[in-house]
Amino acid sequence: MPHINHKIFLLSFVLCVASPFLCLSQSKTINSGWQYSQDKTTWETVNIPHTWNKDDAFDDVRGYRRGMGYYKKQIFVSSEDEDQIFYLKFNAVNQEATVFINGKKAINHKGGYTAFNVEITSLLNFGAYNLIEVEVDNSHSDNIPPLDADFTFYGGIYRDVELIKVRKQHFSLKDFASDGFYVTYYNVSNDKAGVKVDMLIDNFESKTDAHLYLEIFDAEGNRVREEHQGLTLKSNKTEAVKVTFPEIKNPNLWSPEHPYLYKLQLTLSDKNGTILDQKKANLGFRWVTVDTKKGFFLNGKPIKLIGVNRHQDFKDYGNAVPIELQKQDIHLIKNMGANVIRFAHYPHARELYKLCDELGILVWTEIPVINLVTDSESYFETSLNMQKEHIKQYYNFPSVVMFGYMNEIFIRLVFNRNLTDEEKAELKKTSLKLATQLEDLTRTLAPNHITVMACHNAEVYNETGIADIPMLLGWNLYFGWYSKQIEDLGKFLDEQHKRFPNRSLLLSEYGPGADVRIFTKTPKKFDFSANYQAKLHQSYYKQIIDRPFVTGMTAWNFADFGSEFRGDAIPHVNQKGLVQYDRTPKDIYYWYKSVLEDDEPVVHIATDYLKGLTLFQNETFPVQIYSNESEVSVSLNENNLGAYKVENGSVTIDMPFKNGNNKIKVSTQAISEEKSIEVNRIEKLDFENFKRLGINIGSHFNFYDEQQNITFVPDQAYKKGWFGYKNGSAYGMTKDKNQGLPHNIKNTNAEPLFQTLLEGCTEYQLDVPEGNYKVTLYFVEPQIKQTENIYNLSEETSESTKTQRIFDVYINDTLIEKQLNLAKAYPEKYGVTLQATIQTKKGLTLKLNAVEGLPVISGILIEKLD
């Protein structure tokens, strides 16, 4: 090993600390003050991160703008920096970007979720302003994945832009926008751990002597290893250098419970000891394996992976989310007790992976080869290039244990009824070919990592053999939501394990949609109630825990996210999140905390969704209590209801709420919680202690309308002295067979009120007392295009034949609307209200007299005016 003058080196290091830009590389974020235009005629000032789809992907107009966007910015480069090398780095641009410097093309990059950079020194004018122009295109391209997916492809420069200045000798920035070095662990065990570092060093001038100094520090800052190496860098070349550290004895191992991190520091200096470049990285000693019978092992111990998938977008931001806001996601996920995150369906911001290192969260990260593959050289090239960028940019994070590359790649093949048998065979062949190439690439570039892909519930993955390619196979399963029943999950997994005993399995996606405005005592499949969300998640968790061969489960999704074509209870939003789009936790988030949190006591009263609860006569309402304690004591309004045993993190108690404010208190030996609930208890339909009554006609669930601040109660068959339908059949989103429920309804934000209805109802009775009433009726035409949902796994999607429905609307023999024809009057999906003031001696009778076809009605709101 060559001799180094430590005095010179130390002096140089002190100088660099005092004036770092004299000797070290400088990365400056240049996010502010960009000009943006969609046509190069009208420009506006924007800051990065930016997307042009944060609004139009959520409006009432079908589709969102996919096309060109133009950005430009002036930067001043000092003449004093002429001896420096400059790079421009884009951390993500969706989805194709062409960069120009002073009018000259610098780079074209395909792929919207990985970083890219370009060396621009020769294109710059020193001592002057320089123009950066970026043409961004998020149009559909058959040669750029993802081709198709259940999320919105927001266009724009939505992650940081950096101007990087380095000395002429530096750790390479050319290798797929990586850090220029790669950390590999060897012989890791409880007794010892070794580290190898592969580095690429660029030299932009003539042959040069240099020196490498590598150090490893423990978490307390003590240097535990150091290595020196002299170098001779060839003229205008990139030098590959390898350094192997002697093993560290008795290392602190990294795990979710103990995320111990060492620090690696790499210093490049010239022959005089002046620092030229410096890099740092986390080191985490850990090893992972999968066992086909016993599941996932970390550091030689079995660990059940329980966590979430995550999409990166956020309410009102699209995908252009400030990084500090994104970091809050990771803290929320850790606080929930999760030990794994699947960053779906693309690489997320690198800062979040670093946070996973620090907090102790295992990571599955993947590229967006989703739903469909194009059989073209360009598509293959782009996909493989994406995986190279992905692995090289995310390789050094200790938290990353799984690299993935495909998700549900045959879903379009299964549901595209227009494909011929020959076309299907060719698509299978193409997908298998690409999967094999991606698997080989990943195993080569990412040793000591687990390869993974996710598939949906279809036999084609087994038939083609694609399911046997990765080291770990994820199943995206939605039993009890899109198909079959909740309990069919375990049956499916048992059957797969029996047929393919040498395959390691993970439940990579699961979960129902849930709208916090919807609650019910009788949760049903596809009703979007918070109650059904709890029912499914609690059952799935138990089924997975009971099966040691399943490595774990990642809920779909951590948060609600944008999917423009969707027509769920909130349009354009996939609502399967454990937290809402703005990251307000749903109750189910706290249930997960109750079963996953071991260190701190947990109690949560699951009533966050109970807004405007209306109860009739002596009706009770079930409330779930979540806790990681074995027993809870519960009181209601200071009355002791008793002690209850907690199983699977929860206990359900029928609460006899009184009218007005109710206080629930739950206590354990270690913790207690109180919550207040305002309840409107109606002993009879007399409008004495209430003025308004809303009925969600055709539905079994309550719906809280935020705009009108009222909860519409579930419907019922007519009961004397009360209300209800005399005839008709329920029609809507909870039907086993999708009849074409209305979604993305214009003129309203109360989709759940319109999405369920009665068809063929000709008479509806309300036994209200004498008085003057304002009556509002709610209608929508249901026979429209069926739910556009790629997971509609049990029913085909087609254009429904519109039934002509014409009917007259009467209240107490008063004609409210003659020959109402919703399909003709409102050709688009449109929420229609009719309103009338009615004076009655006794009761209100709504009659829908059919002229042609079957009448429909979605809701009724009655307000007593005197």
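Colleague: Which residues of α2 are buried?
Modeller: In this predicted model, the buried residues of α2 are Leu325, Gln326, Asp329, Ile330, Ile333 and Met336.

Colleague: Where do they sit around the axis?
Modeller: On the same side of α2, because they cover an arc of only 160 degrees around the axis. In general, an α-helix has 3.6 residues a turn, so residues three or four places apart point the same way.

Colleague: How many residues has α2, and how far does it reach?
Modeller: Helix α2 spans residues 323–336, which is 14 residues. From first C-alpha to last it reaches 20 Å, close to the 20 Å expected at 1.5 Å a residue. Just after α2 comes Gly337, with a positive phi of about 105 degrees.

Colleague: How many bridges join β32 to β45?
Modeller: Two, and the strands run antiparallel, with β45 at residues 702–705. Phe519 stands opposite Asn702 of β45.

Colleague: What about β34 and β35, parallel or antiparallel?
Modeller: Antiparallel, over three bridges, between residues 561–567 and residues 571–574. Gly562 has Val573 in β35 as its bridge partner. The two strands, β34 and β35, are joined by a hairpin through three residues.

Colleague: Aromatics next. How many pairs are there?
Modeller: The structure holds 44 aromatic pairs. In one of them, Tyr262 and Phe285 have ring centres 4.9 Å apart and planes at 65 degrees, so the pair is edge-to-face. Tyr262 lies in strand β20 (residues 262–270) and Phe285 in the loop between β21 (275–283) and β22 (288–291), so the pair ties together parts that are 23 residues apart in sequence.

Colleague: Are Tyr262 and Phe285 buried or exposed?
Modeller: Both Tyr262 and Phe285 are buried.

Colleague: Which residues are linked into a cluster by ring pairs?
Modeller: Tyr478, Trp481, Tyr482, Phe526, Phe528 and Tyr532.

Colleague: Which rings have a charge over them?
Modeller: Phe380 is one of them, with Lys433 over its face at 5.4 Å from the ring centre. Phe500 is another, with the charged end of Arg503 sitting 3.9 Å from its centre.

Colleague: Which residues other than glycine have a positive phi?
Modeller: Among them are Lys40, at about 70 degrees, and Asn747, near 75 degrees. Most residues other than glycine have a negative phi.

Colleague: Where is Lys40?
Modeller: In the loop between β2 (34–37) and β3. Lys40 counts as partly exposed because its relative accessibility is 45%.

Colleague: And Asn747, where is that?
Modeller: In the loop between β48 (729–732) and α11 (751–754). Asn747 has 48% relative accessibility, so it counts as partly exposed.

Key:
Residues are numbered from 1 along each chain as its sequence is written. This is a predicted model: local features need pLDDT of at least 70, side-chain atom pairs count only at pLDDT 80 or more; totals for chains, interfaces and linings use all residues. Side-chain values use heavy atoms; hydrogens and water are left out. Two strands pair if DSSP finds at least two bridges between them. Helices (H or I, at least four residues) and strands (E, at least two) are DSSP runs, numbered from the N terminus. Rings of Phe, Tyr and Trp (its six-membered ring) pair if their centres lie within 6.5 Å; planes under 30 degrees apart count as stacked, over 60 as edge-to-face and the rest as tilted. Buried means under 20% relative accessible area, exposed over 50%, partly exposed in between (1.4 Å probe, protein chains only). A charge sits over a ring if NZ of Lys or CZ of Arg is within 6 Å of the ring centre and within 35 degrees of the ring normal. The expected span of a helix is 1.5 Å times one less than its number of residues. The arc is that of the directions from the helix axis to the C-beta atoms.
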